[in-house]
Amino acid sequence: NEVGRENVLYIHVTLVPYISAAGELKTKPTQHSVKELTGLGIQPDIIVCRSEKALTRDVRAKIGLFCNIPADCVFENLNARSIYEVPLMIHEEGMDERVCRLLGIPAPEADLDQPFQMLVSSIDYHFFVRLAPAAYLLSMLLSTAVLLFGQEINGSKRWLNLGPLSFQPSEFAKVSVVLFLTWQIERSHKRTDGFWFMCRTMLTLLPIVGLVGSNNLSTAIIILGIGVILIFAASPRYIQFAALGGAGIGFIAIFLAAESYRLERLAIWREPEKYEKGFQTIQGLYAIGSGGLFGRGIGNSIQKLGFVPEAQNDMIFSIICEEMGLTGAIILILIFALLLWRLCVISMNCQELSGAMIAAGIMGHLAIQVILNIAVVTNTIPNTGITLPFISYGGTSIVFLLGEMGLALNVSRQKNNPPTR
């Protein structure tokens, strides 16, 4: 697993007593623990040990010796039941700065999500709508910077390193698209029933869709979906959406044919057992199936212990199914449905167009992302690498998601107030 940018190895250490050459009673890790370390063939930066007894510095030094790391990078007794919980435990123990200092890397960013949500909810949303064109241009510049200077992880360039912070511009692009389309629809002066309005609005999205979609097809699909939902909400006529749907299918087909790996994903989706890259899908389905009706219990997942790749990110729903079963999965889906319903109520009750469009755009963004994530995990659609909102691990994602919640709260608070100028 990862904390910041360092690799963390989680092991269970069993200690046995022995008599040293000086006649002192000491403890050492068992041969099983040693083989677990040396047989993995990896080079961790940090080792987290779960043990029934406290580990002396001498024992930690011996454990670190097997992987050529100092004793200060071997931690113990963090009460984490699995590697999945290690990053949170290290953060709660306040070891982030110490670990990063030992490894000579920048410390991880501070928790900005909840303060950001409170800040956004306290500012009149009309202020953000007026800044929408600038935010849209900034999102295109950041997306271009990713193509030129982005950090490549798992074969994809999606992150920018801004000093000690790591930033994913595609998350900012989703919010900027919601605000920009709201600004554009508001400036149309309610002339939103023509085919030209629909074409003009979708054409303005093509630059950001092309930039983001060149290395992140899933986010490009979400952005296109947000555009379709906002146009649908703003337009009193629905016939033209048949043509828009055909154009969207053609656009997606072109994107799939542009890169060979995207066509390969279609083949893996149909027969995952025949491809090495179908391992993630198969293991995710194993996790869902093994959960049964009520699951193994929270924290007792087996598949997350290295069997399901990206268990903390894209495949987190499969782990929820394994630990909480079908019952927990249904409860989670109902919670998301309740959130989407409340956003729909905010949009429908808002007396002003821009507020209604913001709430509808946020609702569309969350609905698309939840549906696509669950569909990918259950192998209903090909794997596209979409996170589950509010649950998947990721700093940039949660900051902007809570920012959107702040916007929705702002609209709900002012839904009956006249717009400020």
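Me: Contact means heavy atoms within 4.5 Å. Which residues of helix 15 does helix 14 meet?

Reply: This is a predicted model, in which local features need pLDDT of at least 70, side-chain atom pairs count only at pLDDT 80 or more, and totals for chains, interfaces and linings use all residues. Residues are numbered from 1 along each chain as its sequence is written, and side-chain values use heavy atoms, leaving out hydrogens and water. Helices here are DSSP runs of H or I with at least four residues, numbered from the N terminus. Helix 14 brings Phe317, Ser318, Ile333, Phe336, Leu339, Leu340, Leu343, Cys344, Ile346 and Ser347 up to Ala356, Ala359, Ala360, Ile362, Met363, Leu366, Ala367, Val370, Asn373, Ile374 and Val377.

Me: Is helix 14 roughly parallel or antiparallel to helix 15?

Reply: The axes (lines fitted to C-alpha atoms over the stretch in contact, with angles from 0 to 180 degrees between N-to-C directions) come within 9 Å and cross at roughly 160°. Since that's over the 145 degree cut-off, helix 14 and helix 15 are roughly antiparallel.

Me: And is helix 14's crossing of helix 15 left-handed or right-handed?

Reply: A crossing counts as left-handed if the near helix is turned anticlockwise from the far one by less than a right angle, and right-handed if clockwise. For helix 14 passing helix 15, the crossing is left-handed.

Me: Are helix 8 and helix 9 roughly parallel or antiparallel?

Reply: Helix 8 (residues 169-187) and helix 9 have axes that come within 11 Å and cross at roughly 165°. That makes the pair roughly antiparallel.

Me: Leaving aside neighbours within four places in sequence, what is Asn383 in contact with?

Reply: Asn383 sits in the loop between helix 15 and helix 16 (395-413). From Asn373, ten residues away in sequence, Asn383 is 8.9 Å away, C-alpha to C-alpha. Beyond those sequence neighbours, Asn383 is in contact with Arg265, Gln280, Thr281 and Val376.

Technical notes:
Helix = DSSP H or I, 4+ residues; strand = E, 2+ residues; numbered from the N terminus. Parallel < 35°, antiparallel > 145°, perpendicular 65-115°, else oblique.
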